[in-house]
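Please look over the sequence and the structure shown here before reading on. The briefing that comes after them is written for a reader who is new to protein structure.

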Amino acid sequence: MLAILSKITVTCFFASYIVVLVLELLRLLGKIPGRGLLVIVMMSLGLFAHTTYLVLRTMDVVGRGDRGLMASWSEWSLLLALGMAICFLIFYLRRPDTIISFYFLPVILGLIGLSVAVRPMAPFSRSEAAEVWLSIHAFAMATGAGAVLIGFLAGVMYLAQSSRLKRKRAGSTLRLPTLETLARLNRRCLIVSTTAVAIGVVAGVVMNLNRWGHVGWTEGGTLLSFSTFGMVDRGNVC
């Protein structure tokens with residue numbers, strides 16, 4: 001199985017995304033039965049190939065001298081393209097009637113093309129990569145924590161405003177945002193916090209691999225990161 005997966009190249013998922021773009025352009029010709037399902041299938045195949053390629057590339061680098069893991073402009077371009085592709089699929093599943101593909105897919109394809117163009121550039125060393133991923137980890141976790149706090153405050157204000165409405169005191173001089181505004185803010189904070197903490201967790205794992213060559217799954221920092229992500233994700237589901 002691994003031998004088959006190792007044959008996956010950038011061309012595989014690039015071609016999948018091209019097919020998705022063509023399928024989306026076909027909507028300009030009118031309604032085509034099964035087109036939406038084909039978009040989801042091809043996008044899923046592209047994501048699978050894209051993720052597999054990056055994972056196998058990382059595994060291939062492990063133990064190779066001082067070369068950092070996920071430490072080149074080419075790999076970072078592919079990671080950004082993967083994130084954009086995941087976001088596109090999520091948005092498409094929620095609103096398949098929109099034409100967001102006309103905006104997302106050219107950017108995704110452009111990032112993949114950029115990764116190929118900058119491939120000759122030398123990757124960073126393990127120490128340099130660890131510093132970069134540490135910065136990403138810290139920024140993402142701080143962003144996630146801030147979004148959680150704002151979401152919490154929005155929830156508290158929602159309860160306070162709801163209570164004021166029941167007592168018909170919402171029109172006083174000490175006003176709060178409307179319930180709709182607070183609910184919308186809370187949802188956005190949950191999305192931002194979940195995304196940011198997820199990025200922070202992944203960045204922390206890559207940072208540890210670059211710094212020590214392994215991940216201390218039972219260490220306090222790792223457990224705190226995963227527990228934070230679990231709490232944020234549970235709040236998002238609720």
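Predicted model: local features only at pLDDT ≥ 70, side-chain atom pairs only at ≥ 80, totals over all residues.

Residues are numbered from 1 along each chain as its sequence is written, and side-chain values use heavy atoms, with hydrogens and water left out.

**Overall make-up**

- The chain has 8 helices and 0 strands, where helices (H or I, at least four residues) and strands (E, at least two) are DSSP runs numbered from the N terminus.
- Of the 238 residues of the chain, 36% count as buried, a term that stands for under 20% relative accessible area with a 1.4 Å probe, protein chains only.
- The accessible surface of the chain, computed by the Shrake-Rupley method with a 1.4 Å probe, comes to about 14000 Å², and 72% of this belongs to carbon and sulfur atoms.
- Among contacts (heavy atoms within 4.5 Å) in the chain with a separation of 6 or more, 75% are between residues 24 or more positions apart.

- Leaving aside residues up to four places away in sequence, Trp133 touches Leu69, Met70, Trp76, Leu79, Ala203, Val206, Met207 and Asn210.

**Helix pairs that involve α5**

- The axes of α2 and α5 (lines fitted to C-alpha atoms over the stretch in contact, with angles from 0 to 180 degrees between N-to-C directions) come within 10 Å and cross at roughly 160°, which makes α2 roughly antiparallel to α5, a term for angles over 145 degrees.
- Residues of α2, including Phe13 and Tyr17, meet residues of α5, including Ile108 and Ile112.
- The axes of α4 and α5 come within 8 Å and cross at roughly 165°, so α4 is roughly antiparallel to α5.
- Among the residues that make this contact are Met84, Phe88 and Phe91 of α4 and Phe104, Ile108 and Leu111 of α5.

Conventions: Buried < 20%, exposed > 50% of the residue type's maximum accessible area, 1.4 Å probe, protein only. Parallel < 35°, antiparallel > 145°, perpendicular 65-115°, else oblique.
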